[in-house]
Amino acid sequence: MTSVLQTSAVVPLHHWVAGQQVAGTSGRFGDVTDPATGEVTATVPLASAEEAASVIAAAKAAFPAWRDTSLAARTRILFRFRELLNARSGELAELITAEHGKVLADAAGEVARGLEVVEFACGIAHLLKGSATENASTRVDVQSLRQPLGVVGVISPFNFPAMVPLWFFPIAIGAGNTVVLKPSEKVPSAALWLARLLQEAGLPDGVFNVLNGDKEAVDALLTSPDVKAISFVGSTPIARYVYETGTANGKRVQALGGAKNHMVVLPDADLDLAADQAVNAGFGSAGERCMAISVVLAVGDVADPLVEKIAERARALRTGDGRRSCDMGPLVTAAARDRVTGYIEAGVAAGAELVVDGREAQFDADGAGFFVGPTLFDHVRPDMSIYTDEVFGPVLSVVRVAGYAEAIELINANPYGNGTAIFTNDGGAARRFQNEVEVGMVGINVPVPVPVAYYSFGGWKNSLFGDTHAHGVEGVHFFTRGKVVTTRWPDPSHRGVDLGFPQNS
Ligand code: NAD
């Protein structure tokens, strides 16, 4: 397998169509940068509608044979893919770090979570089993089946270049669909690497394709009559657009959007644990996680000691090149860095107390990387932009609240509902929280409650458009459609045929 890690010069990337690299023809290209150095490492083609149509056509052509490939053969390919991915996970993690910037440990964690979904999809034969009823009426039997849809589109964001595609395509492929993946143009190499690995695992050409591009490629997927379903993950405005456009074009769509995740710390909580977890969840992957904690709701008297503990830990974090032994890497682009520093300035101007200023941090890196260090605000109010907006960077805001009631009111009033957490030693309080909170994924003393692969991942409100979450049984349901067969076979004796059976009534 050719390594795509050889980046001494600017690497021209391609699409991946029917098992081959295909050069872009639109004349439009995007730059891919190494966020730790600021250097351009690759160029990615930005597909025209015509290029997108030819990739969709390749996936469509591969569908009939793949649909008819036995479940045993499909499963064996998934198992081989699982083995290869596991063996080479370090290579993929390096590739993620080189384009996204997250530290290698975070990149390895991302691959491990993606691998879980492949393992789940290895059980596809069991997951696709329907049900059967004998003698629903006299000599009438009923069975239910789930069948693949055809070509499905997966559109992924920059922040999980491998894990988010892996949430979808192993299940889609296992269920007998063919896939066109449109990765983020900021981090396209992981998708191309996965495509080659699938080929090495024995996946027939055309079953998995990579279409590189931007809005033009996305629009082509959303409007093509040959694309039957869209799985999208990204920011809320684009998720809403994708949902509305895709469904208007007759497709089933699951569109996962942005987030603003709150962590409640009750007065009885273990404050060292809460501070450790707030730091991990707030600054891991430089806060570029849809499940990152961005607001700590400090209840009652915990605020002073909690802020002190979080600040102490935040100051101790080492920020730098993700390939070095750092705790936190850069932001993905210069624009992302500038947006985050803009929010820090706005927080200061609005009167929040800047306890740790990430703009003043020292960075362990060479070159002009896109760094902002861990940043902590205290006395944040709900009308400030650092509270209302998804900052998507290493900025943690502490909002002081008088009691549980104020905390839950704030969370439930928030337009996002992706993840949330409560830290407490009181089971009754935790139970009430999990029941009352209007958020899709809830952690009790767990700050980033990402469900394991056999459960489903998804938020509420503006964090998800559509009603189907990712992976788990909901994922299997999304990538298949139900069919119910009702059968009547007359007894052979009714046709006057004597097969030697005793006469039936
Ligand atoms: P984004 O919305 O900018 O891009 C996501 C995808 O949409 C990319 O493939 C991009 O090329 C495409 N796109 C961008 N602009 C478009 C347009 N105008 N029309 C059509 N397509 C367009 O998101 P991002 O910056 O790559 O990712 C970060 C966002 O994703 C954050 O908001 C984060 O919360 C969210 N996210 C959510 C989840 C979740 O599970 N809910 C998971 C990861 C990331």
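Colleague: How far is the polar side-chain atom of Glu185 from an oxygen atom of the ligand?
Modeller: In this predicted model, that distance is 2.6 Å, a polar contact being a pair of N or O atoms within 3.5 Å. Local features need pLDDT of at least 70 and side-chain atom pairs 80 or more, while totals for chains, interfaces and linings use all residues. Residues are numbered from 1 along each chain as its sequence is written, and side-chain values use heavy atoms, leaving out hydrogens and water.

Colleague: And what about Lys182 and Phe158?
Modeller: An N or O atom in the Lys182 side chain is 2.7 Å from a ligand oxygen, whereas Phe158 places a backbone N or O atom 3.0 Å from an oxygen atom of the ligand.

Colleague: How much of the ligand's accessible area does the protein cover?
Modeller: The protein covers 88% of the 840 Å² that the ligand has on its own, by the Shrake-Rupley method with a 1.4 Å probe.

Colleague: Which residues come nearest?
Modeller: Of the 26 residues around the ligand, with a heavy atom within 4 Å of it, Lys182, Glu185, Ser235, Gly257 and Glu390 come nearest.

Colleague: Switching topic, why does the ligand lie between the domains?
Modeller: Domain 1 (11-257 + 463-485) and domain 2 (261-444) both give residues to the shell, so the ligand lies between them, with bounds taken from an automatic or database domain assignment.

Conventions:
Polar contact = N/O pair within 3.5 Å; in protein donor to acceptor, adjacent residues only side chain to side chain.
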